[in-house]
Amino acid sequence: YLMLIPLLSTCSQSSDPQVISTQVELPSPSDDGFPRVDGSTSTAPLGAMIVCTMMEIPCEWVTFVDGNRYLMPDLTGYQGDFPGIGHHGTHSAYLNLINGEADLILVARSLSMEELKLAQLFGVEFDIRPVTLDAFVFIANENNPVDGHSLNEIQHINTGELTNWDQVGGPQGEIHPSQRDEQSGSQQLMLSLVMKDLPMVDAPLLVLLKMIAPFYAISDDPLGIGYSVYYYEENMAPNEKIKLLAVDGIKPDHVSIQTRQYPFTTEVYMVVLADSPPTSTNMSLRDWLLSPAGQEIVEQNGYVPIQD
């Protein structure tokens, strides 16, 4: 943190969605250069989609060696330098924006307390706006007969009070609840949305560092349970051995998320520095993404639009 560059302003945020005029147009990359984009792992396809649309280059889904699927630009026949798309994870993206190493970030959650304090320490003010909907979801092995939990059950599984599947309507067998590292987007959502003031069981061996790790672990473990975000599970880590669990009787899907009936519906944010000029490419991209044209492309690429 000692290498962060202080910026002059105070830290604040706005998360109110806006209805943007139908007249908003996608900015040209020649206006003031393409911004440096960073963000959560689960928003990498959104970053790629924006770049491809702005540069008028087709995108295609590519499966990487780590098992993740990403939307990538098809550079066949492309001439010139293509802007980089670097998503380093939620926490790193916030740090890079504070440090001046990113111009805008696409993140699956708002600031953690640590990030907020750091922004205040270095005098950084953010403009934070939701641009799509997502959901915090729970996953289990396809062969597990349990199809859902109540919020109370989820909380008590993760505090260590419920330890056997037969306590929640399942077979005899020890529950294996995986966790994520503390500053990951998934873990921060778990703490803020689900656990609130309840302490999670202290189990360092259950902490998985990569976003795809719970999918690998649970696909081989009928007694496992974990969590992620809906877009990532549906589009970036498809696994026939994994199923989504209902919460309080409501299963996450496109409809239950768009209507916000699913209890852990969340928002994906575009974050820029608050002192960005209104006519900058950063702000123009944000406004375009919230316009009807931008939201239509959002939906075409598997995201749940935030605007009707």
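Reader: Which elements are included in what covers the buried residues of helix 9?
Author: Helix 9 comprises residues 281-290, where helices (H or I, at least four residues) and strands (E, at least two) are DSSP runs numbered from the N terminus. Contact is taken as heavy atoms within 4.5 Å. The elements covering the buried residues of this helix include helix 1, strand 4 (104-107), strand 5, strand 13 and helix 10 (292-300).

Reader: What pLDDT do local features need in this model?
Author: Residues are numbered from 1 along each chain as its sequence is written, and side-chain values use heavy atoms, with hydrogens and water left out. The model is predicted, and while totals for chains, interfaces and linings use all residues and side-chain atom pairs count only at pLDDT 80 or more, local features need pLDDT of at least 70.

Reader: How many residues of helix 9 are buried?
Author: A residue is buried under 20% relative accessible area, exposed over 50% and partly exposed in between, with a 1.4 Å probe and protein chains only. By this criterion, Met-283, Leu-285 and Trp-288 are among the buried residues of helix 9. The helix is mostly covered, and its buried residues number 8 of 10.

Reader: What percentage of the chain do buried residues make up?
Author: The chain contains 10 helices and 14 strands. Of its 308 residues, the buried share is 54%.

Reader: Which residues have the most contacts inside the largest nonpolar core?
Author: A nonpolar core is a set of buried Ala, Val, Leu, Ile, Met, Phe, Trp, Tyr and Cys residues joined through side-chain atoms within 4.5 Å. The largest one has 68 residues. Apart from it lies another core of 18 residues, including Leu-97 and Tyr-269. In the largest core, the residues with the most contacts are Leu-46, Phe-138 and Met-190.

Reader: What kind of ring pair do Phe-138 and Tyr-227 form?
Author: Rings of Phe, Tyr and Trp (its six-membered ring) pair if their centres lie within 6.5 Å, and planes under 30 degrees apart count as stacked, over 60 as edge-to-face and the rest as tilted. Phe-138 in strand 5 and Tyr-227 in strand 10 (residues 224-229) are 89 residues apart. Phe-138 is buried at 2% relative accessibility, and Tyr-227 is buried at 3%. Their ring centres are 6.2 Å apart and their planes stand at 75 degrees, so the pair is edge-to-face.

Reader: Which residues do ring pairs link into a cluster with Phe-138?
Author: The structure holds 9 aromatic pairs. Tyr-227, Tyr-262 and Phe-264 are among the residues that Phe-138 touches, leaving aside those up to four places away in sequence. Ring pairs link Phe-138 into a cluster with Phe-136, Tyr-227, Tyr-262 and Phe-264.

Reader: Is Tyr-230 buried or exposed?
Author: Tyr-230 belongs to helix 7 (residues 230-236). Among the residues it touches, not counting those up to four places away in sequence, are Asp-134, Leu-244 and His-254. Because its relative accessibility is 9%, Tyr-230 counts as buried.

Reader: What is the volume of the largest pocket?
Author: A pocket is an open set of points on a 1 Å grid over the protein atoms alone, with protein on both sides within 12 Å along at least five of seven lines, whereas a cavity is a set where a 1.4 Å probe fits but cannot get out; lining residues have an atom within 4 Å of a point. Here 32 residues line the largest pocket, with Thr-41, Tyr-70, His-87, His-88 and Gly-89 nearest its centre. Strand 3 gives the largest share of this lining, 4 residues. With grid points joined across faces, edges and corners, and volume taken as the space filled by probe spheres set on the points, the largest pocket has a volume of about 640 Å³.

Reader: What is the phi of Lys-196?
Author: Lys-196 lies in the loop between helix 5 and strand 9 (207-208). This residue is exposed, with a relative accessible area of 57%. Most residues other than glycine have a negative phi. Lys-196 is not a glycine, yet its phi is positive, at about 55 degrees.
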